[in-house]
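Here are my notes on this one, as promised. Have the model open while you read.

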Amino acid sequence: MVSQTQKQWTLQGKNGFDSLIYNENAPIPKIGENEVLVKFHGASLNYRDLTIPIEGGYPIPTNDGVVPGSDGAGEIVEVGSKVTKFKKGDRVYTLFNQGHLSGALTPSAGMTGLGGQLDGTLRQYGAFLELGVVKIPQNLDFLEAGTLSCAALTAWNALYGIEGRSLKPGDYVLTQGTGGVSMFALQLAKAAGAKVIATTSSAVKAEKLKKLGADHIINYREEPNWGDVAKSLTGDQEGVAHVVEVGGPTTVAQSLKAVRMDGVISIIGYIGGQSNDQPTFQDILMHNCVVRGIMVGSRDQLEALNRAIEANDIHPVVDDKVFILSELKEAYKYMWDQKHFGKLRIKIEH
């Protein structure tokens, strides 16, 4: 029998990490006829989570009092009377934008993000529409599956989101840094028979990237013109087919130098901060490439990602450190200080 109260975090105001409020006696949500109740066992953090509590830190409106976190995995403990896809005991994880089921993202679906507009995963129990969760790949445990909702789906969308320009064997992919999206992009690209050029600023992280299969590694502190270097490393020196662009305004100029004609730059993040010195539309024209912004992906894409994870036995790259739910503020600080490598996991105990 499910208890009546749970432990959960909420975000109150825009006072940085002090906006995180812990409640050990929050009510467990009641489910509707089309909903399931998920008992969470694992979650993970994304850079987005760190910016939402900061005034002006996140570009999309969020709701005050929301439960943070988009990524979470657990087991279904209750099902509504009209639920047909799941049963009690099924292992599931969350869809980032609850309203983005297939096709292109719409404005309304873009306002259904967990942990921003809708209550998220950093709690012990959550109620979701049955189409707001998917089954966990059979080869992953709860803590691993709790890393997929945002970063893994974003990486999949970056590589496979445009029909006719999907990643192909032998293509070159450029990744930036060692955060969650970049690590998943590296793994998915290698599984598809592509070659990966990765950037980093750390010799230690460079060694880890090599072990994960990166074909070439560029230290961007030592090579400020790393875009030209990346282009020179491609087999025909024509450039990379895909750039998984997480730096944003401060790095996109170098990404344009790296991409091949008719290649794709998927702009995902802005972890490099803001800059007034950015490329123009003329630069895009001269490079004859596609520059697209993406906000995670759809449920259909998440199901496709699941199939790829199972077929290739892909396991997420995770940081050695695991925090528990009550240590969430410490986890935010740990990630903010860039002490992590890969995904930072939160174990949710009961």
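The points below cover the domain layout, the domain interface and one aspartate.

1. Ground rules first. This is a predicted model, where local features need pLDDT of at least 70 and side-chain atom pairs count only at pLDDT 80 or more, while totals for chains, interfaces and linings use all residues. Numbering runs from 1 along each chain as its sequence is written, and side-chain values use heavy atoms, with hydrogens and water left out.

2. The chain splits into domain 1 (5-149 + 297-347) and domain 2 (154-293), with bounds from an automatic or database domain assignment. Their centres, taken over C-alpha atoms, sit 27 Å apart. Domain 1 puts 22 residues into the contact and domain 2 puts in 15, contact being heavy atoms within 4.5 Å.

3. About 1,600 Å² is buried between the two domains, 70% of it from carbon and sulfur atoms. That area is the accessible area (1.4 Å probe) lost by the two parts on being put together, summed over both.

4. How many salt bridges are there between domain 1 and domain 2? The count is zero, taking a Lys or Arg side-chain nitrogen within 4 Å of an Asp or Glu carboxyl oxygen as the criterion.

5. Now D49, which lies in helix α1 (residues 47-51); helices here are DSSP runs (H or I, at least four residues), numbered from the N terminus. D49 counts as buried because its relative accessibility is 2%, and the cut-off is under 20% (1.4 Å probe, protein chains only). Leaving aside residues up to four places away in sequence, D49 touches S44, G69, S70 and Y332.

Terms used. Helix = DSSP H or I, 4+ residues; strand = E, 2+ residues; numbered from the N terminus. Buried < 20%, exposed > 50% of the residue type's maximum accessible area, 1.4 Å probe, protein only.
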